[in-house]
Amino acid sequence: MLTACVNGTDHPLPSDPRRTLLDWLRDDLALPGTKKGCDHGQCGACTVIVDGRRMNSCLSLAQLHHGDSIETIESIGSADKLSVLQKAFVTHDGFQCGYCTPGQICSAKALMQELSDGWASAVSDDITVTPAITKEELRERMSGNLCRCGAYSNIIAALEEVLADHPLHEGASA
Amino acid sequence: MRLPQDDTFNSPDTTNLLDRGSQGVIAKPLDRPEGPLKVSGSATYSAEWKSDHCAEGVLVLASIAQGTVKTIHKDAVLSMPGVLAVLADEAMTRRSTQGTAGEAPVQGVQTVEYFAQPIALVVAENFEQARDAALTLEVEYAPSDTPVAFDPESADAEVELAPDTEPVEGGDLDQAMRDAAFAIDVEYETPGHASAAMEPHATIAQWKGDDLVLHGSYQMLSYNVKEIADCLSMAPENVRIIAPYVGGGFGSKLGITHEAVAAAIASKQLARPVRVVMTRQQVFETVMRRSETRQRIRLAADETGKLIGLGHEALVSNLPDEEFAEPVTQATEFLYSGENRLLKVDVARISRMTAGSVRAPGEAVGMQVLEAAMDELAQATGIDPVELRKHNIADKVPVEGTPYSSRMLAEALDQGAKAFGWDQRRPKPCQTREGDWWIGMGMASAARVNMLVEAEARVTLKADGTALVETDQTDIGTGSYAILGQIAGEMLGLPIDRVKVLLGDTSLPAGAGSGGSFGAISTGSAVLRACEMIREKLAKALGCTEDALELKDGLASGGGKSRAYPDLLAGKDLAETGSIKPGDTADDFSQASYGAFFAEVAVNAFTGETRVRRMTGAFGFGRVLNAKTARSQCLGGMVWGIGSALTEELAFDLRDGHLVNHDLAEYHVPVHADVPAIEVILLEERDAAASPLQAKGVGELGICGAAGSIANAVYNACGARVRSFPLTLDKIIPHLPDPFTEAG
């Protein structure tokens, strides 16, 4: 049987090969925190973390994830027990309608791991060294997550606060 | 203390009751109370409600632009796995519903009026089956023998005066243009825009006997109930809509759209819940577009730069017979002086999806063009753009003679200029160069009409001393949960954690809905009124006058007595329903929110690529109800301004009216990398004529003119005066100076 581990629990993968990872999470596993904004990998609302790396779950078929470990917004923190990153989104008003928010947060969490791992981006001056954390770096790395309400600068402020308070190796688990 | 009055807002309210509260929660930058639910993914949006045995519907869109559906080959798909039904019911909606319609839009999907109009719904056991069947479904059409033009500029397009925008004519504009020391006569164009709210339109329909329950994504529930009921020929009382969280609207969810009625009909036929979620492409193709505009601006100024004449004429488009026409000249009516004037909107009847409200209909595109033209006048006169605008602030509305309510335009211009560092701007273009980039600054005024509409809300002071606010008002990201709680908290003397707000359910009193920037002030005023009635009863119970009553932290004091609410209420809940209706103040005063935008851009000297480097906005919209959520509204509007200035454009194929760029890969909304640090200044203001809260609308103000400030900054940077939005590279390059030119 094909299975994937979602938020720490193994689940059998769906039999219909057309089922996307996104629809499987939202409809079969009742984890609607991951959002469907475009179903075409254009908006980032469906971002989840697969084996530590962020991914647009709408672009991936569920059956491809046998043996994978998948982390969704539901595992990052619940409403009564928010993570540091989620709290920063609330205090900086890093959302309005809230629909892109779980994707932004999953993306931001994985981004911190990528920074911690020394990954360069298109705006990094020197790709051979660990990039400095600048607004420009953060904006570049978050640009796969659209927010039509336009909360972008508040989201960056939330990330900056978390990164300032928590050195990268901790920030990644914020 | 004000005497109890009827719920019609007939005269300005200068009691400023919210300023006399002791709790100190109003206006504070409090976090959104629903924030923890949203950031943890536990706020439930339309398509996410659990419904046992729910079938999935997928809409089928027309592959022709005009004609009739002759045959739908249902049988072939009905034999596919899991397929339950193929519906093409006459009650299904052909067009989208305009905001506050409260009645059915054009129905009947056998007739096709525009490319990609919904013509059928396929329902199956699961989404994959329904999608497969919808893609497979074969449909035969007969072409229309009375074709409608696709291009608003074509000679075949019928053009008429916009039904809902009264032209303004005064004096003799032609003569003023001849007499003017400085005359600007220019034509600009803006493209169509999409709301592109992040949550696609979705409805889950379920019948309980004759009662229909819809979980959906809508902005104005009390109107939407009537629209659904009218479509299905049933009583509005039998329709309930539940929408506590809505993933953005920006006009696209004001009225019901195609998936709602289709889901309801399918659910009835199959006797089980049916969910219909529109795809992103379907949302773009069939829901709602902002019309493209062609605008002629004429500015006639005397030698001091004072406007003696002002012309603003626009051509917009919509489907035949639609009342709505983008009200492009709405703010031009009152913003600046100039008694000789002609303001007029024409609408071309064309075959494209319904045109309707997209964030700030009218001002969003009217203001950016007017303000770009004002920059041309500033350039012609040599007057500083800020000073030119201040010089043209009118004493009363030109032609009409209406007085203004409170207006903070001059203050916004001054404070914005100071905070931005406008004095550092070099008036002539091509003066500042950093590497490959020309740097420039631009500014624009902001203005958006203020509207108060009918609303109701119930407030219950519970026996345990907490309060409950209930209304069907929606929160589409606007901050309704936060501000309605703060109004009640201030009025009833309760810390915010003792006030609960329930929204988005039509079983609750009818709020204003979210649209036209009127939700907060209208529904907020209803909450205020309900609280006033509760205060009256508390004063009576305590045995003091209302004037002497002081409420703080759940304690009522007055007349030398002091009692906690649970004690005062003696085990009984105290519930009141407040209401507000627009009255004489709407006609007696010109009411609007005002502001000013300042932008700094860099334009690549070789490629014409434009980057917004920083923006400042200063805004006056009466009382601020929550400084955090109000700031975010302004911020979001300015982000829309960046999109409108540089990237957003609906592209239609002129041969068949089909939308070419129908998703977020091709229609470019701003992303993180496009948005710099944005500074927002909220001005202190009370507008007694605007609402009993002394507050005005803010939800749309941040977009109204923002793109103009960016276009003006582009001109200041590199001398490219582009009169066609968005300012894409191809439009800027022809105007660029030799890239090897030295600055200055």
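The exercises proceed from domains to chain contact, then to a sheet and a helix pair.

The model is predicted; local features need pLDDT of at least 70, side-chain atom pairs count only at pLDDT 80 or more, and totals for chains, interfaces and linings use all residues. Residues are numbered from 1 along each chain as its sequence is written, and chains are lettered from A and ligands numbered from 1 in the order in which they are written.

**Exercise 1.** Identify the domains of chain A and describe their contact.

Step 1. The assignment for chain A gives domain 1 (3-76) and domain 2 (84-171); such bounds come from an automatic or database domain assignment.

Step 2. Between the C-alpha centres of these two domains of chain A the separation is 21 Å.

Step 3. Contact (C-beta atoms, placed from the backbone, within 7 Å) involves 16 residues of domain 1 of chain A and 14 residues of domain 2 of chain A.

Step 4. On the domain 1 side, strand S3 (47-50), strand S4 (53-56) and H2 of chain A each supply at least two residues, and S3(A) gives the most, with three residues. Helices (H or I, at least four residues) and strands (E, at least two) are DSSP runs, numbered from the N terminus.

Step 5. By class, that side has seven nonpolar, six polar and three charged residues. Ala, Val, Leu, Ile, Met, Phe, Trp, Tyr, Cys and Pro count as nonpolar, Asp, Glu, Lys and Arg as charged, and the others, Gly among them, as polar.

**Exercise 2.** Divide chain B into domains and characterise the contact between domain 1 and domain 2 of chain B.

Step 1. Chain B comprises domain 1 (8-30 + 453-581), domain 2 (46-146 + 201-278) and domain 3 (293-451 + 588-735).

Step 2. The C-alpha centres of domain 1 and domain 2 of chain B are 38 Å apart.

Step 3. Domain 1 of chain B contributes 13 residues to the contact and domain 2 of chain B contributes 17 residues. The domain 1 side consists of three nonpolar, eight polar and two charged residues.

**Exercise 3.** How many residues of chain A are in contact with chain B, and which helix of chain A gives the most?

Step 1. The contact joins 46 residues of chain A to 43 residues of chain B.

Step 2. Elements of chain A that each supply at least two residues include helix H2 (73-76), helix H4 (101-116) and helix H6 (152-165).

Step 3. H3(A) gives the most, with four residues.

Step 4. The chain A side divides into 20 nonpolar, 16 polar and ten charged residues.

**Exercise 4.** Determine the strand order of the seven-stranded open sheet of chain B.

Step 1. The order is S4-S6-S2-S14-S11-S12-S13 (chain B), with mixed pairing; two strands pair if DSSP finds at least two bridges between them.

Step 2. Strand S4 (83-87) and strand S13 (239-242) of chain B are the edge strands, each pairing on one side only.

Step 3. Strand S2 (residues 55-61) and strand S6 (residues 118-124) of chain B run antiparallel and share six bridges. Within this pair, Val60(B) has Ala120(B) in S6(B) as its bridge partner.

**Exercise 5.** At what angle do helices H9 and H17 of chain B pack?

Step 1. Helix H9 (residues 363-381) and helix H17 (residues 706-718) of chain B pack at about 30 degrees, their axes being 7 Å apart. Axes are lines fitted to C-alpha atoms, for helices over the stretch in contact, and angles run from 0 to 180 degrees between N-to-C directions.

Step 2. H9(B) is therefore roughly parallel to H17(B) (an angle under 35 degrees).

Step 3. The residues of this contact divide into five nonpolar, four polar and two charged.

Technical notes: Parallel < 35°, antiparallel > 145°, perpendicular 65-115°, else oblique. Contact = placed C-beta atoms within 7 Å.
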